[in-house]
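Biologist: I would like to learn how to read a protein structure step by step. Could you take me through this one, feature by feature?

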Amino acid sequence: MLVELQNISKTFGRVRANQDISLKFEGGHIYAILGENGAGKSTLMKIMSGYQSADRGQIVVDGQALDLKAPTDAIAHGIGMLYQDPLDFPPFTILENFIAGRPGGIFPDRAAARQQLAAITERFGFGLDPNRYVDTLTIGERQQLEIVRLLSLNVRVLVLDEPTTGISAEQKTILFNVLKALARDDRMAIILVSHKLEDVIELCDLAYVLRRGRFVGEKTVPCPISELVALMFGKVVERQNRPNVMCGDSVLTVEAVRIAAQRLTVENVSLRVCSSEVIGLAGLDGSGQGEFIRACAGLFPPQSGTIKLNGRSMTRASYHDFSQAGVAFLPAGRMEEGLIKGMTLTEHFALTQRSPRPWINWFEARQITAERIKNFNVKGRPGSPIQTLSGGNQQRFALSLLRQNLKVLLLEHPTRGLDVESANTIWEQLLKRREQGTAIIFISAELDEIVSYSDRILVFFGGRATMVDDPAEMTADRLGELIGGRE
Ligand SMILES: Nc1ncnc2c1ncn2[C@@H]1O[C@H](COP(=O)(O)OP(=O)(O)O)[C@@H](O)[C@H]1O
Ligand SMILES: [Mg+2]
């Protein structure tokens, strides 16, 4: 079986999720679709499995172009997908769920279905009890059930979107063994969508890498990790010359912090930042940089180690205390953590003001909001609900809300998803603050952004961090090794 994606493009509003992507998948192989969050992996695979339609391009199976209107169409042509966000499961038993998924409605023979279910689960050592209710299953067990269901529908191509997120190490071992067997013995094409290099290296034989909606290259696996990283993160560009700001007093001092998060522990990370310094945090998503930056904002208290601001201990202080002390944090999920859907720009402005009076002067709030809109080049009006603005405008507006003379500004993916022009405007604003003495710490998945703007780079891998003191001396290979772990 040969599946070809030809020139697939898909946009969501102004976001180009997939741009002219062409890929091939053959039976007997395990492929990786690799890329950082937001690269367009899920979109591409949803198109291939009939869950979403492409704006342009086609899906060709064994020379025949398909017209997929729904996942059931794709399954009929042998393509099945396990989605990243588990679909809602009705309160069925495993057996009922297994039966209900069949085309043409109810399987006529429950006993036969039970037998088939038992046969497949036994072959793979899944141990699914047909009488258990689906809503009591772990994510790993639901995955197993979905694989069994798709196999019983005779799919020849199995797509798994970030399947190792949220499952145990044992379940992962079982899963990977199953996938290897399906490729080797059943000659199926397996496609693993992932941003985790270690999973890709362990399982796959060919990696297709996406970056910002485009296909940027393929690698036969195994290969040096740094080569995969270089594709995922882009090239290291020449560092632009920019005014060197003299490093002032040390404002933030983090010493040997340990942060226990759900999936990893940040261990023994230290950082001393002085005023006007820009520190870039690099690393694959989930390497600890998100926890670290939240610890610096007072959102994630460390288990041990110390955090000081201007010499004052803040180790177990609250977000409010950090904010009082001049620290601001702009998270990546603007709509989830930063801005509030349904509220207008003026209301956002009013909410962020600390006024001695218990009431809000709406007239004044509208006026100042209009001023900020103008100064920060935001396309929107004081009365616009925030969600009606494009990503770049939301980000610029969020920046405009930050008060002046901050000691430390913490930013997570400040320009993710933005066009070059918007990204440049954001950095102009940030560098102005730097000139005024604000220290900036930011996370980015764009190596050129990290190298261009950082005075120093802290690279995270598996919860540990390595300091790069001179970004100008950094080569793509060296950064790749640090980001991808050396072994
Ligand atoms: N249904 C949607 N509506 C609007 N934007 C979307 C939608 N799905 C994905 N996007 C956007 O498309 C881009 C690619 O997303 P996605 O394919 O989920 O990436 P990945 O799976 O690689 O993390 C992102 O910028 C994302 O915000
Ligand atoms: Mg995804």
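This is a predicted model: local features need pLDDT of at least 70, side-chain atom pairs count only at pLDDT 80 or more; totals for chains, interfaces and linings use all residues.

Biologist: What is the radius of gyration of the protein, and how many helices and strands make up its secondary structure?

Modeller: The secondary structure comes to 17 helices and 20 strands. The radius of gyration is 25 Å, close to the 23 Å that the globule rule gives for 487 residues, so the protein is as compact as a globular protein of that length. Along its principal axes, the C-alpha trace spans about 70 × 50 × 40 Å. If we take the contacts between residues at least 6 apart in sequence, 68% of them join residues at least 24 apart.

Biologist: Into which domains is the protein divided?

Modeller: Domain 1 covers 2-223 and domain 2 covers 250-484, and their centres, taken over C-alpha atoms, are separated by 36 Å. Where the two meet, seven residues of domain 1 are in contact with seven residues of domain 2. On the side of domain 1 that touches domain 2, the residues divide into two nonpolar, three polar and two charged.

Biologist: Which way do the residues of strand β8 point, and are they buried or exposed?

Modeller: The general idea is that in a regular strand the side chains alternate between the two faces of the sheet. In this structure, Ala189, Ile191 and Val193 point one way from β8, while Ile190, Leu192 and Ser194 point the other way. Strand β8, residues 189-194, is mostly covered, with six of its six residues buried.

Biologist: Which strands pair with β8, and in what sense?

Modeller: Strand β3 (residues 30-34) runs parallel to β8 and is joined to it by five bridges, and within this pairing Leu34 stands opposite Ser194. Strand β7 (residues 157-161) also pairs with β8 in the parallel sense, over five bridges, and the bridge partner of Val157 in β8 is Ala189. Between β7 and β8 the chain passes through helix α6 (residues 169-184), and this β-α-β crossover is right-handed.

Biologist: What is the strand order in the open sheet of four strands, and which strands stand at its edges?

Modeller: The order is β12-β11-β14-β15, and the pairing is antiparallel. Because β12 (265-274) and β15 (312-313) each have a single partner strand, they stand at the edges, and one side of each is left without a neighbour in the sheet. The partner of β12 to look at here is β11 (residues 250-260), which pairs with β12 in the antiparallel sense over seven bridges; Ser250 stands opposite Cys274 in β12.

Biologist: How should I read a helix, and how many residues of α14 are buried?

Modeller: An α-helix has 3.6 residues a turn, so residues three or four places apart point the same way. Helix α14, residues 391-401, is mostly covered, since nine of its 11 residues are buried. The buried residues in α14 include Gly392, Asn393, Phe397 and Leu399.

Biologist: Where does Asn361 lie?

Modeller: Asn361 lies in the loop between α12 (345-352) and α13 (362-375). To judge its burial we count neighbours: a residue is buried with 20 or more other C-beta atoms within 10 Å and exposed with 12 or fewer. Asn361 has 13 within that distance, so it is partly exposed. Asn361 and Asn405 are 44 residues apart in sequence and, C-alpha to C-alpha, 24 Å apart in space.

Notes:
Residues are numbered from 1 along each chain as its sequence is written. Chains are lettered from A and ligands numbered from 1 in the order in which they are written. Helices (H or I, at least four residues) and strands (E, at least two) are DSSP runs, numbered from the N terminus. Two strands pair if DSSP finds at least two bridges between them. A crossover is right-handed if, with the strands pointing away from the viewer, the path from the first strand over the helix to the second runs clockwise. The radius of gyration is taken over C-alpha atoms; the globule rule is 2.2 Å times the number of residues to the power 0.38. Domain bounds come from an automatic or database domain assignment. Ala, Val, Leu, Ile, Met, Phe, Trp, Tyr, Cys and Pro count as nonpolar, Asp, Glu, Lys and Arg as charged, and the others, Gly among them, as polar.
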